[in-house]
Amino acid sequence: MSDALDLNDLKRRMDGAVQALKHDLNGLRTGRASPSLLEPIVVEAYGSNMPLNQVANITVPESRMLAVSVWDKSMVGKVERAIRESGLGLNPITDGNNLRIPLPELNEQRRKELVKIAHQYVEQAKVAARHVRRDGMDELKKLEKDGDISQDDNRVLSEKVQKLTDDTITEMDKVVAAKQAEIMQV
C-alpha cells in the first residue's frame, strides 16, 4: 500500500522547507554583522537575477559593519539599489567598487520590523510545505483513479500526509518563535 506513495520523499521535501526557513532566519540580524544577512538579496545582473554573493565579495570588517566589494564597477549601482530595497533597513555607502553598510542599532521599532520579516519567511515556508502536501494528495487521487489503491488506502495515506504536514508546520512555528524571542531580547 505505501509503495504507491513515497511518504519518505514527501517528508524529505517538507524537511527541506524547514531547512530553508532556518537558513532564511539565520540571515536576519540580531545584533552582530554577518555575511549571511545579505544572502537573500538578489541583484539584476547581466539580464538575469543573481544572488549578491555571485557579483560581489561580502566581508565583516567590524562587528557593526558589512563591506561589499563589487567585482564589476558597472554593477555597483544595481547592488546598492538591491540592498536598499531588500527590506532589511540597510543604507549602503558607496566608495568606488566597495559598499560599506553600517548596521543600525536595533531599536524597538526595528525589532518589530524584523519579527514581521521572520513571519513572512515562515509563511513562505508553510506555503512550500502545503505545496508538498498538495502534490501528495494529487498523487493519491491519481493512484485511486487508476485503481492502484483502494478508497480506504487513500483515506489512510491522506491522513498520514496531513499529519506529516501538521508536524512540519508545528516545527516551523517553534523555529520562528525561538527566532522571535532572540530578536526581541534586548
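This is a predicted model: local features need pLDDT of at least 70, side-chain atom pairs count only at pLDDT 80 or more; totals for chains, interfaces and linings use all residues.
How are α3 and α4 oriented to each other, roughly parallel or roughly antiparallel? Helix α3 covers residues 108-146. It packs against α4 at an angle of about 170°. The two axes are 10 Å apart. Angles over 145 degrees count as roughly antiparallel, so α3 and α4 are roughly antiparallel to each other. As for who sits in that contact, the residues divide into 15 nonpolar, 8 polar and 8 charged.

Next pair: α1 and α3. Again the angle is about 170°. Here the axes are 9 Å apart. That makes α1 roughly antiparallel to α3 as well. From α1, the contact uses Leu-10, Arg-13, Met-14, Ala-17, Leu-21, Asp-24 and Leu-25. From α3, the residues include Ala-118, Tyr-121, Val-122, Ala-125, Ala-128 and Ala-129. Further along α3, Val-132, Arg-133, Asp-135 and Gly-136 also take part. By class, that contact has 12 nonpolar, 1 polar and 4 charged residues.

Helix α1 is residues 7-26, and helix α4 is residues 151-184. Their axes come within 10 Å. They cross at roughly 15°. Angles under 35 degrees count as roughly parallel, so α1 is roughly parallel to α4. The crossing of α1 and α4 is right-handed. On α1, the contact residues include Leu-7, Leu-10, Lys-11, Met-14 and Ala-17. On α4, look for Leu-157, Lys-160, Val-161, Leu-164 and Thr-165, among others. The tally for the contact of α1 with α4 is 13 nonpolar, 3 polar and 5 charged. Note that Leu-10, Met-14 and Ala-17 of α1 contact α4, and Leu-10, Met-14 and Ala-17 also contact α3.

Now, the domains. How is the chain divided? The domain assignment gives domain 1 as 7-28 + 107-185, and domain 2 as 35-102. Their C-alpha centres lie 30 Å apart. In the contact between them, 7 residues of domain 1 meet 7 residues of domain 2.

How much area do domain 1 and domain 2 bury between them? About 510 Å², with 47% of it on carbon and sulfur atoms. Which residues of domain 1 lose the most area to domain 2? They are His-23, Gly-27 and Arg-110. Together those three account for 59% of what the domain 1 side buries.

Technical notes:
Residues are numbered from 1 along each chain as its sequence is written. Side-chain values use heavy atoms; hydrogens and water are left out. Axes are lines fitted to C-alpha atoms, for helices over the stretch in contact, and angles run from 0 to 180 degrees between N-to-C directions. Helices (H or I, at least four residues) and strands (E, at least two) are DSSP runs, numbered from the N terminus. Angles under 35 degrees count as roughly parallel, over 145 as roughly antiparallel, 65 to 115 as roughly perpendicular and the rest as oblique. A crossing is left-handed if the near helix is turned anticlockwise from the far one by less than a right angle, and right-handed if clockwise. Contact means heavy atoms within 4.5 Å. Ala, Val, Leu, Ile, Met, Phe, Trp, Tyr, Cys and Pro count as nonpolar, Asp, Glu, Lys and Arg as charged, and the others, Gly among them, as polar. Domain bounds come from an automatic or database domain assignment. Buried area is the accessible area (1.4 Å probe) that two parts lose on being put together, summed over both.
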